[in-house]
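The following exercises concern a single structure. Work through each task before reading its solution.

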Amino acid sequence: MRVLLLLAAFTLASAATPALAGPPYQTDDPEPTELGHWEIYNFIGIDGRGEMIDGEGGVDLNYGAAKGLQLTATLPVAFSRDAADGWRLGRGDVQLGAKFRFFNDEVNGWQAAVFPRVILPTSARGLGGNRVRVLLPLWGQKNVGKTSLFGGGGYELNPGPGNKNFWQAGVAVTHEFTSKLSLGGEAYWQSPDMRAGSDSSGVDVGLIHKLGGPYSLLLAGGPRFSTGHTGYHCYAALGLNF
């Protein structure tokens with residue numbers, strides 16, 4: 001799976017330019033929020049395995065600040081549960097990012113963008129990192145009618161005792177079945193983020209259902225795998241676009 005994901009990510013990137021569709025998927029897309037518009041997601045995301053649960057809920061703010069440029073701020077509350085400590089709840093790590101689409105071939109349906117993010121150590125009760133982290137990804141997309149194939153990946157600088165910088169990659173496909181319903185699936189992979197850690201990968205299925213007016217319901221979930229363990233990932237959000 002690791003080789004296939006990296007090959008898919010490289011193919012998308014290299015076809016879009018000679019040189020991490022976003023919610024509800026973990027794979028991102030290169031399409032920025034429209035100029036002068038907002039995309040706001042009130043979200044909750046959970047990763048679990050047995051009695052262990054890690055998750056965040058909060059607000060994901062996206063604004064079209066200029067043509068081809070989206071500014072993003074994610075303001076989370078984090079929570080965790082394990083057999084030793086029970087439930088913990090507190091501030092999560094704030095994320096700030098800027099998506100810049102540097103290639104957009106509307107005739108042939110190709111797009112590409114960079115989307116660097118800074119992850120700040122704002123969490124409480126050990127529910128996040130204790131150093132500033134930086135994610136440096138490249139995302140590409142190909143549209144064919146009402147079907148979109150997108151993917152890519154990047155490298156995260158992850159300082160701190162026991163931590164390790166890591167790679168991540170993903171590829172997804174979605175199809176707009178009606179004017180209100182889009183369905184899709186993705187596969188993703190991440191190298192170890194701890195010195196004693198292991199690779200992880202997973203697959204998700206997702207949907208976006210337009211509820212009327214500016215509101216949308218976004219859902220995704222599926223199994224997640226690491227060495228010797230199987231868990232799950234799920235995501236739900238109420239989207240507002242205006």
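**Exercise 1.** Determine whether Pro 24 is buried or exposed in this predicted model.

*Solution.* Step 1: the relative accessible area of Pro 24 is 2%. Step 2: a residue counts as buried under 20%. Step 3: Pro 24 is therefore buried.

**Exercise 2.** State where Pro 24 lies and which residues Pro 24 touches.

*Solution.* Step 1: Pro 24 belongs to the loop between helix H1 (2-16) and E1. Step 2: leaving aside residues up to four places away in sequence, Pro 24 touches Leu 207, Ile 208, Leu 218, Leu 219, Ala 220 and Tyr 235. Step 3: for Lys 142, 118 residues from Pro 24 along the chain, the separation of the C-alpha atoms is 18 Å.

**Exercise 3.** Classify the aromatic pair of Phe 43 and Tyr 235, and locate both residues in the chain.

*Solution.* Step 1: rings pair if their centres lie within 6.5 Å, and the count of aromatic pairs comes to 4. Step 2: Phe 43 and Tyr 235 have a centre-to-centre distance of 6.2 Å and 10° between their planes. Step 3: planes under 30 degrees apart count as stacked, so this pair of Phe 43 and Tyr 235 is stacked. Step 4: Phe 43 is in strand E1 (residues 38-49) and Tyr 235 in strand E14 (residues 229-241); the pair links distant parts of the chain, 192 residues apart. Step 5: both Phe 43 and Tyr 235 are buried.

**Exercise 4.** Classify the pair of Tyr 155 and Trp 167.

*Solution.* Step 1: the ring centres of Tyr 155 and Trp 167 are 4.7 Å apart, with the planes at 50°. Step 2: because of this angle, the pair is tilted. Step 3: Tyr 155 lies in strand E9 (residues 147-157) and Trp 167 in strand E10 (residues 166-176), so the pair ties together parts 12 residues apart in sequence. Step 4: Tyr 155 has 26% relative accessibility and counts as partly exposed.

**Exercise 5.** Describe how strand E3 (residues 69-82) is joined to strand E2 (residues 52-66) and to strand E4 (residues 86-91).

*Solution.* Step 1: E2 and E3 run antiparallel and are joined by 13 bridges, with Ala 66 opposite Leu 69 in E3. Step 2: these two strands form a hairpin with 2 residues between them, and Gly 68 in the turn has a positive phi of about 80°. Step 3: E3 pairs with E4 in the antiparallel sense over 6 bridges, where Arg 88 in E4 is the bridge partner of Ser 80. Step 4: E3 and E4 form a hairpin with 3 residues between them.

Conventions. Residues numbered from 1 in each chain as written. Predicted model: local features only at pLDDT ≥ 70, side-chain atom pairs only at ≥ 80, totals over all residues. Heavy atoms only, no water. Phe/Tyr/Trp six-rings, centres within 6.5 Å; stacked < 30°, edge-to-face > 60°. Helix = DSSP H or I, 4+ residues; strand = E, 2+ residues; numbered from the N terminus. Buried < 20%, exposed > 50% of the residue type's maximum accessible area, 1.4 Å probe, protein only. Pairing = 2+ DSSP bridges. Contact = heavy atoms within 4.5 Å.
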